[in-house]
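Welcome! Have the sequence and the model open side by side, and let us walk through a few spots together.

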Amino acid sequence: METQSENKAFGGVQGVYTHASSSCLCDMTFGLFLPEEARDGPVPVLWYLSGLTCTHENAMVKAGAQGWAAEHGIAVVFPDTSPRGEEVADDDAYDLGQGAGFYVNASQKPWAPHFNMWDYVAAELPALISDHFAVDMERQAITGHSMGGHGALTLAMGLPGRFRSVSAFAPICNPTASDWGRKQLGAYLGPDESKWSRHDATLLMREVGFDGPILTDTGTNDQFFDLLNTHAFTEAFAARKQQAQMRLQPGYDHSYFFVSTFMEDHIAFHADALYA
């Protein structure tokens, strides 16, 4: 692992690190904010998964998470959204290929050799961070935006007992029934739709739910509202009587202005669960 940068922020350190990934078979870069308390011992950790076209840097710079995380003594991990490099498959469209990993393990050509973002986020990166930094992997929470909100919800429900809480900003809630989902799941996982269901938050909510609290925020002026299928997820967790809050925020869109506005709420929500 190589240190790309480390900057003091809110009493802690915002770092950027690169390592050779065995899951993605390329070099991967991630951001990690460690609060001041990490100098004295392991701290709880919040995973932030970014959306389409993003790298580790977008949320790290724009989401405003560090100040609120420092207030609660929580580390924040900012993974990349896909494998990258000249040998990694890509597509001319912004919503497939590099920058659009969708947090799945691809089984189809040309994606299969590198696009293993589920394994990367669920196993490889947590192990690497645990080995090198003062984080408490017994106290984890997860959040994300858009495609990353999809990833946060599906990882939380797909890894029972891993995360104490999950939240999402404008998540893609029902990708098997959306153009933001069917295209990517078909490309990465193939035409057999039975293999898609474990990557659909609405279907997972109907089948298994989540053993903990859920918070989602979506703007009423989100320019991608029809692609998110918020209503389907809401109906699923209402039918299951899941502990959850689904908030529609009047006038907000899909941007990081929206994310940063409600970041304080989300980190406080996770702090309640992480320190319970």
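## The nonpolar core

Ile 129 and Tyr 188 touch the most other members of the largest nonpolar core, which has 89 residues. Such a core is a set of buried Ala, Val, Leu, Ile, Met, Phe, Trp, Tyr and Cys residues joined through side-chain atoms within 4.5 Å; buried means under 20% relative accessible area (1.4 Å probe, protein chains only). Beyond four places in sequence, Ile 129 touches Phe 30, Leu 32, Trp 47, Val 77, Val 135 and Met 137, where contact means heavy atoms within 4.5 Å.

This is a predicted model, so local features need pLDDT of at least 70 and side-chain atom pairs count only at pLDDT 80 or more, while totals for chains, interfaces and linings use all residues. Residues are numbered from 1 along each chain as its sequence is written, and side-chain values use heavy atoms, leaving out hydrogens and water.

## Helix α5

Tyr 188 is also one of the buried residues of helix α5 (residues 179-189), together with Trp 180, Gly 181, Gln 184, Leu 185 and Leu 189. They sit on the same side of α5 because they cover an arc of only 100° around the axis, taken from the directions from the helix axis to the C-beta atoms. These buried residues pack against α7 (225-228). Helices are DSSP runs of H or I with at least four residues, and strands are runs of E with at least two, numbered from the N terminus.

Gly 190, with a positive phi near 95°, follows α5.

## Leu 215

Leu 215 lies in strand β8 (residues 214-219) and is buried, at 2% relative accessible area. Its contacts beyond four places in sequence include Val 166, Asp 265 and Phe 269.

Notes
Buried means under 20% relative accessible area, exposed over 50%, partly exposed in between (1.4 Å probe, protein chains only).
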